[in-house]
Amino acid sequence: MTMAEDYQNALSALLDEPVYGLSQSEKLTRLQAVFALLHEHHNQHCTAYHNMFRQPVTCNTPLDQLPFIAVRLFKLFALKSVPDNDVVKCLMSSGTSGQVPSRIFLDSLTSRMQSKALVKILQQFLGKQRLPMLIIDSPDVKGADGKLNARAAGIQGLAMFGRDHTYALNPDMTLNTEAISAFSQRYHDQPVLVFGFTFMVWQHFVSALKASGMTLHLPHAHLFHSGGWKKLEAQKVSNETFKQQLLAVAGISAVTNFYGMAEQVGSVFMECEEGMLHAPVTAEVIVRNPYDLSLAKTGESGLIQVLSALPYSYPGYSILTEDRGTIHGVGDCKCGRSGTYFTVQGRLPKVEVRGCSDTSSSPGLGA
Amino acid sequence: MDKQNLFDSVMPATLSLDDLLTQPPMPVASQSILNFIQALSDTLLKDPACRAFPDVVALGFWLRDGNIKRLVKQINSSAQQALIKPVGTVVHYTPNNVDTMFLYSWVCALLMGNRNVVRLGSADSPAKQMLLTCLERLFSLPEHADIAFRNLFVQGAKSDESNHALAQVADARVLWGGDDSVLSIKQYQAKPRCRDISFADRYSAVVINGDELTDGEQLNTLCELLWQDAKPYAQQACSSPRVLFWLGDKSLQGEFARLLNEQAIGQDTAPSDGISRVNEHLVMSQWLQCQSLADAPLVMNRVSVIPVHQINAQMMEMHCGDALFLMRTLDTLNDLADCLPARVQTLTYWGVERDALLKLLAEPSIQGVDRCVSVGKALTFSPEWDGYRLLVSLSRYVQLDWG
């Protein structure tokens, strides 16, 4: 068998396991085998990866000794491990204006596996039936050029769980009150799926509803949101406030946050009833001391490293993020799910450009 | 027009730009100038509040009487068959975060009798605030009134109008802040004979001779001195070495990296600072390794030392400082000739024979290096800085020939 076939078999077998059911030792053994194959594959097919990580990796290499790539490298280089012809999709991270976005190249295998993994994870929360879906975004979010920004990719990823996809916002990010009211009236007595990015939900849905004085009644809705709390933290909005306000303005009581990134679509970390993020069967999380990148202890905050069995077409199976988090335990969360569970504390502070090459700013120039 | 409205705030508060221009400059190194500098030095060295800031103390030390007298002697010796006079009004554009550096150039301009306008950066820091408080106190004393009338510190001078006004009054401009700042300030036209002293983007390097290095005491001393050069301003000053050329025997490179890291950790007063540092170093290191420009770091901790196969401009642009050293191994000193482009400001050295170094630096093809000092002195200010001779540039030389 070829290495590619070995990998596909191992991954498929992993995807057949319960999402939150494997014992940690069994899961680690299985993941180590997959990562050894991925290391070999990227080593052979991605020069940049080969240049960075010469150390041998075997199926006995513990996860914390695997090489990890700084997430910013995906902004600095076009990293891929398959021929250009095999690339079917390019994901772009949501770089704020002026920032270079990450570029993630997907072949049909990785793209398919991402969907499969995501489906498995979300079905744990949603069941198998497709639900009417309200998307807290504008229909314009979809780019036309085949390159997907992270928001569009996220929406596309979840859209397969829904039907009657309804966009809640107009192209100018104002509430599409007509569409929302119609949706709310039609589906107020049945389960619906609501999805949006955390900040969009807060700013353009919750706050906008409040400002307009309009309230919705979607008591059977389940909201999923992701994208990080950075902007909400700046506004001093906690997870609790977020949930309270959603209940108040839209009657939505089921709210699930998840942690994921454009650089590792598919293996997302879902928040449980206890407020803990859980590693699914295809992924693991490690926290490192931000001062020397050594392993942090359980309960200690540090830099989050995410590992996923899915990235085959690009060398992103082990990524050191710029997010800070804390692992709280393995397998003993009160929610009953197995695996590592953790929380996220926000992003690393931006490094100031300082020193000689930074005067008191541009002197105006009328700009 | 009352030009005071051009700025958010000025110090001394009662002085305007117009007022300043009505005062004639002072004689070069006049007694009242020397008294003021002496008083400033005393304040910085004796005020307990200043002791928390090593670079402020260093400034106070540099301003002490003996050092200034030495400069005055230097000025006088250049005044044979000549008169040395102030240029008039010097406008200083200060960098944002290298808090004390601009005060050195201001003192040089002051010593030469000039009127000064110092445009302060928008960023605030405790050291900068404290320096300004000290200056304000001294300016308010009657014995320093003639200094206070001729020196204006302005904040919030970002509008087009204020920048035009500053450019138009300048007989000399001291432009800190690197390429972008220098170029954007130069867009404001100054008088045709205005002299610009431009501190552009530069970087500095250290050359270490591995053949002359022994383990133990010597290696320790080297690390201590090198860290003196790199620690202040988080390695952001142009004079702090960011590149490390290692000549000859490589056997102590690993131990050197380990000890330098230890030295840095040992000197940390607030170890929780710099939570983003190692990640930045990791990005740099992987960025280099990805392109086969570097090997795995010798150390990546409080300090990072990355062995590189070459030094290029793009690398230096990516270099984020904050205890990051790119180490380039060279066989002989002669190989250094190709590694000193115009951007290199200061070259510090260890264990390198002076004559050989001198011979190399004299090579006309070498465009870089405006200062060459031993390790540990990279940040020691002198009026000869970044290729400029400030006391000369900030004064007029009146040639005399009575023959």
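This report walks through a predicted model with chains A and B, from overall build to a few local details.

## Chain B as a whole

Along the principal axes, the C-alpha atoms of chain B fill a box of roughly 65 × 60 × 40 Å. A compact globule with 403 residues would have a radius of gyration near 22 Å, and chain B agrees with that expectation because its own value is 22 Å.

Of the 403 residues in chain B, 47% count as buried.

## Two domains in chain B

Chain B is divided into domain 1, made of 3-199 + 386-399, and domain 2, made of 203-380. The C-alpha centres of domain 1 of chain B and domain 2 of chain B are 32 Å apart. Where the two meet, 6 residues from domain 1 of chain B and 6 residues from domain 2 of chain B take part in the contact. On the domain 1 side, the residues that touch domain 2 of chain B are 2 nonpolar, 2 polar and 2 charged.

## Where chain A meets chain B

The contact between the chains involves 32 residues of chain A and 43 residues of chain B. On the chain A side, α3 (47-52), β1 (69-70), α4 (73-76) and β14 each supply at least two residues. The largest share of that side, 3 residues, comes from α3(A).

By class, the residues of chain A that touch chain B divide into 18 nonpolar, 9 polar and 5 charged.

## Helix α5 of chain A

Helix α5 of chain A covers residues 108-126.

After the helix comes A:Gly127, which has a positive phi near 80°.

## Strand pairing

Strand β15 of chain A (residues 340-347) has an antiparallel pairing with β11 of chain A (residues 277-278), through 2 bridges. In this pairing, A:His278 stands opposite A:Tyr341. Strand β14 of chain A (residues 318-330) also runs antiparallel to β15(A), and 7 bridges join the two. There, A:Asp323 has A:Arg347 as its bridge partner.

In chain B, 7 strands form an open sheet of mixed pairing, in the order β10-β11-β12-β9-β8-β13-β14. At the edges stand β10 (299-300) and β14 (371-374) of chain B; each has a single partner strand, so one side of each is left without a neighbour in the sheet. The partner of β10(B) here is β11 of chain B (residues 304-308), paired in the antiparallel sense over 2 bridges. B:Met300 has B:Ser304 as its bridge partner in β11(B).

## Backbone details worth a look

Most residues other than glycine have a negative phi, and most peptide bonds are trans. A cis peptide bond, with omega about 0°, joins B:Met11 and B:Pro12. B:Pro12 is in the loop between β1 (9-11) and α1 (17-22) of chain B.

B:Val369 is not a glycine, yet its phi is positive, about 75°. This residue lies in the loop between α14 (354-362) and β14 of chain B, and it counts as buried because it has 20 C-beta neighbours inside 10 Å. B:Asp386, also not a glycine, has a positive phi of about 55°. B:Asp386 sits in the loop between β15 (384-385) and β16 (388-389) of chain B, and with 19 other C-beta atoms within 10 Å it is partly exposed.

## A cysteine in a loop

B:Cys194 is found in the loop between α9 (178-186) and β7 (195-198) of chain B. With 19 C-beta neighbours inside 10 Å, B:Cys194 counts as partly exposed. Leaving aside neighbours within four places in sequence, B:Cys194 is in contact with B:Ala170, B:Asp171, B:Ala172 and B:Arg173.

Notes: Residues numbered from 1 in each chain as written. Chains lettered and ligands numbered in written order. Predicted model: local features only at pLDDT ≥ 70, side-chain atom pairs only at ≥ 80, totals over all residues. Domains from an automatic or database assignment. Contact = placed C-beta atoms within 7 Å. Nonpolar A, V, L, I, M, F, W, Y, C, P; charged D, E, K, R; others polar. Pairing = 2+ DSSP bridges. Helix = DSSP H or I, 4+ residues; strand = E, 2+ residues; numbered from the N terminus. Expected span 1.5 Å × (residues − 1). Rg over C-alpha atoms; globule rule 2.2 N^0.38 Å. Buried ≥ 20, exposed ≤ 12 C-beta atoms within 10 Å, placed from the backbone.
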